[in-house]
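Me: I've got a multi-chain model open and want to talk it through. Can you take my questions as they come?

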Amino acid sequence: MNTAFWLITACLLMLVGMIWLALAKPVHWKQVLGAQANYGRHPVKALQRAGAISLLLSALACLAADHPSMAVLVWIMLLALSTFITAMILSWRPHWLQPLITVRRLTQS
Amino acid sequence: MNRLWYLTRDSISPLLAALMGSYLLAWGVTTLGISALVASGVSFHSAETGLLLLAFPVCLAGFLWAFASRHRYRLSLMLAAVGSLMTAAGWQLQALILP
Amino acid sequence: MEFASPRHAMTWLHTWLGLIFGFVLMVCFFFGALSVFDREIDRWAIPETRFDPQPMPSFDQVLLPAYQRMQPDQAEYDRMMPLYHDPAAGPMTPRNELPVDEYWAYTTHRDPVLQIGVGFRVPHPLESVGHNHIHANTTIDPRTGDEVPNSALKIGSDWFYPLHYSLNLEWNSVGYYIVGLAAFFMLVALVSGIWMHRKLFRELFTFRPWKSRLRSILDLHNLTGVVALPFHFFFALTGLIIFASTFYMPVSDTLLKPLHEQQEALEASQNGLPHERSGIPAPLASVDAMVLEAKRLWAERGMAGEVGFLMVSHVGDANSFVSIYRAGSDRVALVGEAIHFRGSDGSLLLQELDHPAVESANEFLTGLHLQHFEHWSLRWLYLFGGLLGCACIATGFLFFIEKRKFQHAREGQFGSRLVEACALACVTGLLLATLAMLVANRLLPEGDQRADWQKWIFCGAWLASLLHGFVRANTHNAARASAAWYEQVWLISILAALAVLTNAITTGDHLLRTLLLEPYMAVAGVDLVLLVCALGATLTARYLQRRHEQACQRVLPSQPASALLDGGAA
């Protein structure tokens, strides 16, 4: 039960982290915000930092779930999965990601 | 017939040369590495395991280097020569270790 | 052939090695991905073995009687005995009189049935130092000790699994070498691919389906290749490492064999595990007692566990010893923490506690490939990684075809259409062969030839897919893809649904039962994946067929190909 909780946490953290890293790139930032992207600053550094921290936390969650040797593998495979999911959301349903940016903006202001 | 000749000359032979050169190099590194490590007191299985982990990255690097180089055949030949020399050295070292 | 720069050389390598070895790699990746669930496919294919995984059974009560019933394999005896036997010592020992030298048993947390084997000794060997064994291997039901009949083919672990590393080409182990070469060129293709792809990180998340067909295929190729780059790289590399000492770099079996044997004997004298038989007969003490002691010792070190691998060496001799390995369910390494006992009295000989770092590294690398650990999420992630690899290779083929088809059509060349037919056999053909085999498994009547028939149907379906690809290859119309694509995808969806249906009818284990009434996830999982496959194939087939029909309307086949190029390129 505990393992399942940590694994799900790791998944979510990884996915959110990857999305933030993707949004740090101007192309994807525009893709998600559309015309809105022209208003306001694009917080590249903040997004990158948030993404990196999220990935790191996800690694910690993997370590909490499994033996370290196994956690490494889970983390690397989650990296692949969430990058793929992120790319797919960005190309088919970019507007789904708008809430994530709003959250970032709130925490920033 | 002409096409086959061009295919062999332009594609197959440089590939084979780079492959042979890098494989012989990896073989030489493995042979000499194992016998040198055993000579210095490492257990045979640890030495074998370690060198086999190294062998394919060495082979890969050798292959890419040889193929991408301007002097493809010369470099392949050199890798093959170095590999053969290392194999011979490893073989000699084995003869020294064995009673 | 001169290249303007190393980057051009890399592009050339990536294109041509990727194309030619891509067909082999597709087999490796697809069946490798299926092998993640090989035991589950076995359960699906052999309904008699659909019960819960069992721990290692009692040696004294179950295993020993089973071992004593086993006889050396006839084919192996015929092949190997003349090579091992020293004719100067007299005539060959008859097959059923060979003395036993070792017993082994291996199980994992996913195995209801147990693999066991006996190694028989050649009494008068030509080379006394070598490992002269004629084997007998079988699978038993660990609850009773009864043999699982040989006619029941383990489709997962005896067909799909060996297919991904040996192509099931037994002759002179040629399949292993082809796969080894393909794995090496996979590494080459990965490195050269990174070298060519300048915007690795900038375009990490990029897939633009709305752009040109060529662009979106390339996006998908890069995406599937890059996101799982560590997975692709390490699976190709560890695959090579697993077979390095046997096939690809057999240094210690050839050139360094004398040193290897001397060091092995030296090690045996140091660690107290006898390397040779003594020649003095001695009975075997209770192995069950040794297993209990081993479990106690593991628990004492805070790593209580089950037995994964058990082996008795030099059976019947005073030098006999029993090795008990802990199952690595919670680790990446397959088995470990070996404890060895003297066979004749059960006294402790040796505990292997700490490994040298390099051997732990090797156990990690091979363990991550062979994955006998208990971690279902990671197993699914591996399946995903393997399928990403397949997608990467398949999009590579499509890119090759898409890039050249107009030029080839203009020049009347057959090249890109040939590649398309081969790609069909390697993408949809693999799925068709797999599904045809599963359906055949459920429909073929009982009998000795059942296993062979399933294999023939697999090969036949695969060949049929290739031939169909060639028949449907259209050389005259560059703008549209071969109609064989959607036809085969339709067939996939039908066969996948049929497999689920036949399983439900012939065994009564329909999804309602395996999911809810009497949960049995191995079979339910295979059925669910088949259903997802059927659904996905239906959607894909409809999409492909619609696109094909649009292309047909846009471009009438009666017009010359050169006149159509502008319309097709849009």
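Me: Start with chain A. How far apart are the end C-alpha atoms of residues 72-92, and what is the span made of?
Reply: Those end C-alpha atoms of chain A lie 30 Å apart. The span is 100% helix and 0% strand. Helices (H or I, at least four residues) and strands (E, at least two) are DSSP runs, numbered from the N terminus.

Me: What does UniProt list for residues 72-92 of chain A?
Reply: An unreviewed UniProt entry lists residues 72-92 of chain A as "transmembrane region". UniProt positions are in the numbering used here, feature names are shortened, and annotations may be inferred rather than shown by experiment.

Me: Ground rules, please.
Reply: This is a predicted model, where local features need pLDDT of at least 70, side-chain atom pairs count only at pLDDT 80 or more, and totals for chains, interfaces and linings use all residues. Residues are numbered from 1 along each chain as its sequence is written, chains are lettered from A and ligands numbered from 1 in the order in which they are written, and side-chain values use heavy atoms, with hydrogens and water left out.

Me: Which chains have the most contacts between them?
Reply: Chains B and C, among the 2 pairs of chains that touch. Contact means heavy atoms within 4.5 Å.

Me: And how far apart are the closest C-alpha atoms of chain A and chain B?
Reply: They lie 18 Å apart. No contact joins chain A and chain B.

Me: OK, C against B. How many residues does each chain put in?
Reply: Chain C puts in 43 residues and chain B 40 residues. The buried area is about 3700 Å², with carbon and sulfur atoms giving 77%. That area is the accessible area (1.4 Å probe) that two parts lose on being put together, summed over both.

Me: How many salt bridges and polar contacts there?
Reply: The rule finds 0 salt bridges between chain C and chain B (a side-chain nitrogen of Lys or Arg within 4 Å of a carboxyl oxygen of Asp or Glu). It finds 5 residue pairs in polar contact, both at pLDDT 80 or more. A polar contact is a pair of N or O atoms within 3.5 Å; within protein, one must be able to donate a hydrogen and the other to accept it, and residues adjacent in sequence count only if both atoms are side-chain atoms.

Me: Which elements of chain C are on that side?
Reply: α1 (6-35), α6 (174-196), α8, α9 (244-248), α10 (257-271) and α12 of chain C give two or more residues each. α10(C) gives the most, with 8 residues.

Me: Now C against A. How much area is buried?
Reply: About 2300 Å², of which carbon and sulfur atoms give 83%.

Me: Switching to His548(C). Buried or exposed?
Reply: His548(C) counts as buried because its relative accessibility is 11%. Buried means under 20% relative accessible area, exposed over 50%, partly exposed in between (1.4 Å probe, protein chains only).

Me: What does His548(C) touch?
Reply: Arg480(C), Ala481(C), Ala483(C) and Tyr486(C), not counting residues up to four places away in sequence. His548(C) lies in helix α18 (residues 521-554) of chain C.
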